[in-house]
Amino acid sequence: MYRYDEFDASFVNQRTEQFKDQVRRRLAGELSEDEFKPLRLMNGLYLQLHAYMLRVAIPYGTLNGRQMRKLAHIARTYDKGYGHFTTRQNIQFNWPKLEDTPKILEELAEVEMHAIQTSGNCIRNVTADHFAGAAADEIADPRPYAEILRQWSSLHPEFSFLPRKFKIAITGAPNDRAAVQVHDIGLQLTRNDDGEIGFVVYVGGGLGRTPMIGRKVRDYLPEEDLLAYSEAILRVYNRYGRRDNKYKARIKILVHETGLEELKADIEAEFEKIRYGVLRLPDEEVRRIEAYFAPPPLEVGPSASEAVEARRNADAAFAQFLAHNLNPHRVPGYTSVTLSMKPIGGIPGDASDAQMEVIADLAEQYGHDELRISHEQNVILPHVKLDDVPAIYDRLAAAEIAEGNAGLITDIIACPGMDYCALATARSIPVAQRISERFGTAERQAEIGELKIKISGCINACGHHHVGHIGILGLEKKGEEFYQVTLGGSANENASIGEIVGRGFSSEEVIDAIEKLVDTYLDLRSGKEETFLDAYRRVGEAPFKEALYGAA
Amino acid sequence: MKVITANRLLNGDVVWLGENGSWVERITLARTFDGKDQVAEGLAIGQEAEKNQEVVSVYEMDVTLEDGVIVPVRLRERIRAAGPTTHPQFGKQAQAVSA
């Protein structure tokens, strides 16, 4: 994986020192809160409902055992013994003290981590497919490009005060697991007729209060143009993006208001000016970065493991885990294992310090010291020998992160909601917990099959509810929590925004409503292979609406 | 009826304005304010405390009395006064048990 060069190390250390001094000045009264707030936000430090919250960047969701141990140490030493993996592949600590944050940032810098650009109107952590570098369906590992984008966008002076935040996601596989079409820039690796690597480029996707699917601006962008073209997009956005209204400031609004053709022309014009300049990516530089992501030495093995097969037949929970939590690896004899951070009735994305230690152990012992955080708030061991799966499973089961539910109805994305977040209008986590309990038996989950439920506790949509097969948005109505349900959303290569099915539900009613939707699907699906989303797309909302509200 | 709330600058703890300009850790100990003028006075004390690096994010919030005990009106503030509903072992609700 990527290792800091002298430049990276020096700017992270400089920033840590700078923030230490800013905290000192704040505590000494030399900086007011109005002056300090933008500075702390640039270092990922928010003030939430109960306490400060520190968001630590995990670039493209990749980290190693040592880094995971450091996160465990921070959770234990400076927080309340747990952290929360987010939908942008980062981790949040919910209870740090302001006075401790300079020390936390120093500790993070020791393992090449930081909290830079995890907040503020800048280019945020670049996210990527969590199976990057491992997946059988991959054209190429997207992480070298994500790393190149990270280097370009880190402390980029021109783009440190954009109209609004800016999120980039990249996938190397045709099956999009990185939700690229709902990002400000979405990149999908592709090959041209000559077999050369390039990118399909989407611009202006996003969720929040105005959800939009990104518009394709390039069918094929050559590798060497990645930075110049990205810079051109950012320049056009920085110049024309609205600054008069926070809610209309994202690039999606600019795309919408300007029109795709005009905006494309603006981007291309800017691109023409700079494409042969310093941002043109030299082949040797791409190959140099790529070398950091060289796959570990993996010996080709039999595509089925006797140890696994023997246990599959004897152990139903293990069989369930195999059926759902393994992703095909490009090397026969290997697999990518999803560690479910969604125990039945648990809090989506939370991990205790002890669990983080177990995860680090497993990465080091069985996983070539590689870990990934998925935007679905799970943890991945990307390179695991099939023969090692039973031993890993046992350790996961002991740590209570072995639920075989990846992609199933209990693998719910939920934002922190009103249990933590100052912006939230309703709670998300308790709704996720109750759904998980309602549908949590192994048989029922397996019978329902793939079903992505995503829950946000406010209109800002951190829980990606717009792209849930079933989306739940928590609002406040007359002082009570109130949940609006959307159907038919998807964040994959066939992305779609879910549609509101009808009037919302109280906290008491919402779980029954979800059950009615699920039962309706089970009744009308053409067979077990027709997923909830496929069935919804085939029949439309009418039967679901009728199940919820009766015949019109 | 209102109380004035904020977070402590140093550690982020949720606090409410109590008697004599103190900041208290329990909403039950908060000073209550009735009417515009009283609330403005409370907010002024809060802003002074913000200037003195004691607290941040000062605002007023609605409360009622239930059996003589101060209770926030909005769920958001009830959660803020107690701790995450999903983690009864954390936040003020945890301290309340031992108190």
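**Figure 1. Contact of α16(A) with α18(A) in the predicted model.** From α16(A), the contributors are Ala513(A), Lys516(A), Leu517(A), Thr520(A) and Leu524(A). They meet Pro543(A), Phe544(A), Ala547(A) and Leu548(A) of α18(A). By class, this contact has seven nonpolar residues, one polar and one charged. Helix α18 of chain A covers residues 542-549, and its axis comes within 9 Å of that of α16(A). The two axes cross at roughly 135°. Angles from 65 to 115 degrees count as roughly perpendicular and those over 145 as roughly antiparallel, so α16(A) and α18(A) are oblique to each other. Their crossing is right-handed.

**Figure 2. Crossing of α14(A) and α16(A).** Helix α14 spans residues 429-439 of chain A, and helix α16 spans residues 507-524. Their axes come within 10 Å and cross at roughly 45°. That angle makes α14(A) oblique to α16(A). The crossing is right-handed. On α14(A), the contact is made by Val431(A), Arg434(A), Ile435(A) and Arg438(A). On α16(A), it is made by Val510(A), Ile511(A), Ile514(A) and Glu515(A). The residues of this contact divide into five nonpolar, no polar and three charged.

**Figure 3. Packing of α10(A) and α11(A).** Helix α10 runs over residues 306-314 of chain A, and helix α11 over residues 316-325. The axes lie 6 Å apart, and the packing angle is about 125°. At that angle, α10(A) is oblique to α11(A). The crossing is left-handed. Val308(A), Arg311(A) and Arg312(A) represent α10(A) in the contact. Facing them from α11(A) are Phe318(A), Ala319(A) and Leu322(A). The class count is four nonpolar, no polar and two charged residues.

**Figure 4. Open five-stranded sheet of chain A.** The strand order is β1-β2-β5-β4-β13, with antiparallel pairing. The edges are β1 (45-47) and β13 (350-352). Each edge strand has a single partner, so one side of each is left without a neighbour in the sheet. From one strand to the next, the twist averages 30°. Inside the sheet, strand β2 (residues 52-56) and strand β5 (residues 91-93) of chain A run antiparallel and are joined by three bridges. Arg55(A) has Gln92(A) of β5(A) as its bridge partner.

**Figure 5. Helix α12 of chain A across β4 and β13.** Helix α12 takes in residues 353-366 of chain A. It lies across β4 (82-85) and β13 of chain A. Its direction is at about 85° to β13(A).

**Figure 6. Open five-stranded sheet of chain B.** The order here is β3-β2-β1-β4-β5, and the pairing is antiparallel. Strands β3 (23-24) and β5 (69-72) of chain B stand at the edges. Each has a single partner strand, so one side of each lacks a neighbour in the sheet. Strand β1 (residues 2-8) of chain B runs antiparallel to strand β4 (residues 55-66) of chain B, and six bridges join the pair. One bridge partner in β4(B) is Glu60(B), which pairs with Ile4(B). Helix α2 of chain B, residues 75-82, packs on this sheet. It touches β2 (14-17), β4 and β5 of chain B. The helix direction makes about 120° with that of β5(B).

**Figure 7. Contact between chain A and chain B.** Chain A contributes 21 residues, and chain B contributes 22 residues. On the side of chain A that touches chain B, 11 residues are nonpolar, three polar and seven charged.

**Figure 8. Domains of chain A, with the contact of domain 1 and domain 2.** Chain A is divided into domain 1 (6-110), domain 2 (135-292), domain 3 (306-398) and domain 4 (413-549). The C-alpha centres of domain 1 and domain 2 of chain A are separated by 27 Å. Four residues of domain 1 are in contact with four residues of domain 2. On the domain 1 side, the contact residues divide into three nonpolar, one polar and no charged.

Methods
Residues are numbered from 1 along each chain as its sequence is written. Chains are lettered from A and ligands numbered from 1 in the order in which they are written. This is a predicted model: local features need pLDDT of at least 70, side-chain atom pairs count only at pLDDT 80 or more; totals for chains, interfaces and linings use all residues. Domain bounds come from an automatic or database domain assignment. Two residues are in contact if their C-beta atoms, placed from the backbone, lie within 7 Å. Ala, Val, Leu, Ile, Met, Phe, Trp, Tyr, Cys and Pro count as nonpolar, Asp, Glu, Lys and Arg as charged, and the others, Gly among them, as polar. Axes are lines fitted to C-alpha atoms, for helices over the stretch in contact, and angles run from 0 to 180 degrees between N-to-C directions. Helices (H or I, at least four residues) and strands (E, at least two) are DSSP runs, numbered from the N terminus. Angles under 35 degrees count as roughly parallel, over 145 as roughly antiparallel, 65 to 115 as roughly perpendicular and the rest as oblique. A crossing is left-handed if the near helix is turned anticlockwise from the far one by less than a right angle, and right-handed if clockwise. Two strands pair if DSSP finds at least two bridges between them.
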